[in-house]
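Have the viewer open as you read.

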Amino acid sequence: MKKSFSHKVVMSLLAITLLSSCKELFNEPNIQSNPNAVTDVDVATLLSGTLVGVALLHEDTDVRISAIWAGALNGLSRQHQGYADYIVSAQNFSWDPLYPIASQTRLIQTKADAVGDKWTKGVGQVLEALLIAKATDLYGDVPYSQAFDDVKYPTPVFDKQADVYNALQTVLDNAIQNLSATAGLSFAAQDFIYKGNVSKWKAAAYTMKARLYLHLGDYTNAVASAASGISSTAGDALIPHGTSQGTDVNLNYGFFKLNRPGDTGFDGSYTPTLLKARSGSTNTKTDETALYNHIIKVGITATGALDPNVVDGAYTADAPHPILTYYENQLIIAEAQARLGDNAKALAALNTVRSGLASGYFDGKTIPATGRKYDAYTLDDFSATGLANPTKLATVQTALLYEIIAERYITFLMQYEAFNDVRRLAKATPVVQLPIPLYTGTQKPARYIYPQSEVNTNPNVPKPVPDQFTKLTIFQ
């Protein structure tokens, strides 16, 4: 991401943080005893550094594994081939830096309280929700209620996933209340996501609430929250990037192009199959050739290889990376309304996304006009013989849901929300799923394995330790 001098300073602070253990994080006496340590970081600078950490955690290896386990990306070589074979152990996963950065979101709130700054506190609460949601969505039961007080709780309990979800809704409600305050301190210079725009952070909090409600099948509340969520693509929470290697390049570009070219790709994944199917000759209202070429570049690593487009598409060095977006917000409304039985409202929300795609907008970049077509659908298009019902589903509702789910799958490429969808849709009613093939074996991965360091040091880790095929509570 593009950073001022202050952001570079914060990167150094973040590096120090990531080298420390979760238990020692921000232990003031220890910090003060180190003559080389920073002893008083103001809340604005802390916010800047924490945003860097949150950005990292939305583009990291865990997100890449989730894309493989969702069938959207394939692991073709070395360690990532093992991920595609669903072979992992507790050694493959770590809560560093997730929990240290989550601790920083708490410290933001404490420091904001000390100066009466409700706005910055509200942003800290949104960031806390983003990180703890990632933890529970990938691992299930996780430390939360006791996670940030190592003196009182050196071995924190693992809260039930349902309790974590309830707590996150409260955190987001409090964030919205704080972000609704009539005054606060400006943090525009430190905020590379929204440039200090409090209204945009508030809308993002509502979209996050809607996401969590959708996971639980609470469609009424999902719609209600999304109604106040991100209201246009101008409100997208995007991580900005640049072209300076080792400083601000998109981490997907760093992996696909610089560090591990050929280790992963779209060969054998479901992504090219879906994109081509949606541009079939029978669907005269859709042409995703341009989006296909935006996402996939043939022949970068080998002749005919379906590589991530790091040349002129979605994964260039300076490509923004999404955290929460208008498209997601509208697709939450679309799916929730369809499941509530209001096909007309569901279709209206879906068509707003198609309208955005027709303009060429996709995660802060513009896809070419040639091969780009997203005409508005009508409900007749989802009838048994409709052009948008390629699998000939029996009802308009299920055919419409299939299209919404397909749109979400493409929208969430290289976001862990795609993995959430794959697991969630196995229980959502009516059951409508994409025919995503297994890479190997007879069962899909359902969760990440608790890190070995946690298993070794915390007696509260659930026993027996669940493996990667054990379903999470909310997706059972």
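## Two helix pairs

At roughly what angle do the axes of helix α7 (residues 118-139) and helix α8 (residues 161-179) cross, and within what distance do they come? In this predicted model, the two axes cross at roughly 160 degrees and come within 8 Å. Since angles over 145 degrees count as roughly antiparallel, that makes α7 roughly antiparallel to α8. The crossing of α7 and α8 is left-handed. Sorted by class, the α7 contact with α8 has 13 nonpolar, six polar and four charged residues.

Now for another pair: helix α15 (residues 343-358) and helix α16 (residues 396-411) have axes that come within 11 Å and cross at roughly 30 degrees. With under 35 degrees as the cut-off for roughly parallel, α15 is roughly parallel to α16. Here too the crossing is left-handed, with α15 passing α16. On the α15 side, the contact is made by N343, A346, L347, L350, V353, R354 and L357. On the α16 side, V396, Q397, L400, E403, I404 and E407 take part. The class tally for α15 against α16 is eight nonpolar, two polar and three charged residues.

An α-helix has 3.6 residues a turn, so residues three or four places apart point the same way.

## An enclosed helix

Is helix α4 (residues 61-69) largely enclosed or open? Eight of its nine residues are buried, so α4 is largely enclosed by the rest of the structure. The buried set is D62, V63, R64, I65, S66, A67, I68 and W69. After α4 comes G71, with a positive phi near 80 degrees.

Q468 touches W69, Y86, I87, V88, P445, A446, R447 and I449, leaving aside residues up to four places away in sequence. Its relative accessible area is 9%, so Q468 is buried.

Some background before the list: most residues other than glycine have a negative phi, and most peptide bonds are trans.

P430 sits in the loop between α17 (417-424) and α18. The bond from K463 to P464 is cis as well, with omega near -10 degrees, and P464 belongs to the segment after α18.

On the phi side, D363 is not a glycine, yet its phi is positive at about 50 degrees. D363 lies in the loop between β8 (361-362) and β9 (365-366), and it counts as buried at 11% relative accessibility. K392 is another residue other than glycine with a positive phi, near 55 degrees. K392 is in the loop between β10 and α16, and at 52% relative accessibility it counts as exposed.

## Loop residues

Is G386 buried or exposed? At 9% relative accessibility, G386 counts as buried. From G386 to D191 is 195 residues in sequence and 46 Å in space, C-alpha to C-alpha.

Over in the loop between α5 (78-84) and α6 (98-114) you'll find D85. D85 is partly exposed, with a relative accessible area of 33%. D85 and V431 are 346 residues apart in sequence and 26 Å apart in space, C-alpha to C-alpha.

The mean pLDDT of the chain is 92, and 91% of the residues reach 70 or more. Confidence is highest in helix α14 (residues 326-339), at a mean of 99, and lowest in helix α2 (residues 28-32), at 32.

Over residues 1-39, pLDDT stays under 50, and the model has 56 contacts beyond four places in sequence for that stretch. Where pLDDT is low, the predicted coordinates should not be read in detail.

Conventions: Residues are numbered from 1 along each chain as its sequence is written. This is a predicted model: local features need pLDDT of at least 70, side-chain atom pairs count only at pLDDT 80 or more; totals for chains, interfaces and linings use all residues. Side-chain values use heavy atoms; hydrogens and water are left out. Axes are lines fitted to C-alpha atoms, for helices over the stretch in contact, and angles run from 0 to 180 degrees between N-to-C directions. Helices (H or I, at least four residues) and strands (E, at least two) are DSSP runs, numbered from the N terminus. Angles under 35 degrees count as roughly parallel, over 145 as roughly antiparallel, 65 to 115 as roughly perpendicular and the rest as oblique. A crossing is left-handed if the near helix is turned anticlockwise from the far one by less than a right angle, and right-handed if clockwise. Contact means heavy atoms within 4.5 Å. Ala, Val, Leu, Ile, Met, Phe, Trp, Tyr, Cys and Pro count as nonpolar, Asp, Glu, Lys and Arg as charged, and the others, Gly among them, as polar. Buried means under 20% relative accessible area, exposed over 50%, partly exposed in between (1.4 Å probe, protein chains only). pLDDT is the predictor's confidence in each residue, from 0 to 100.
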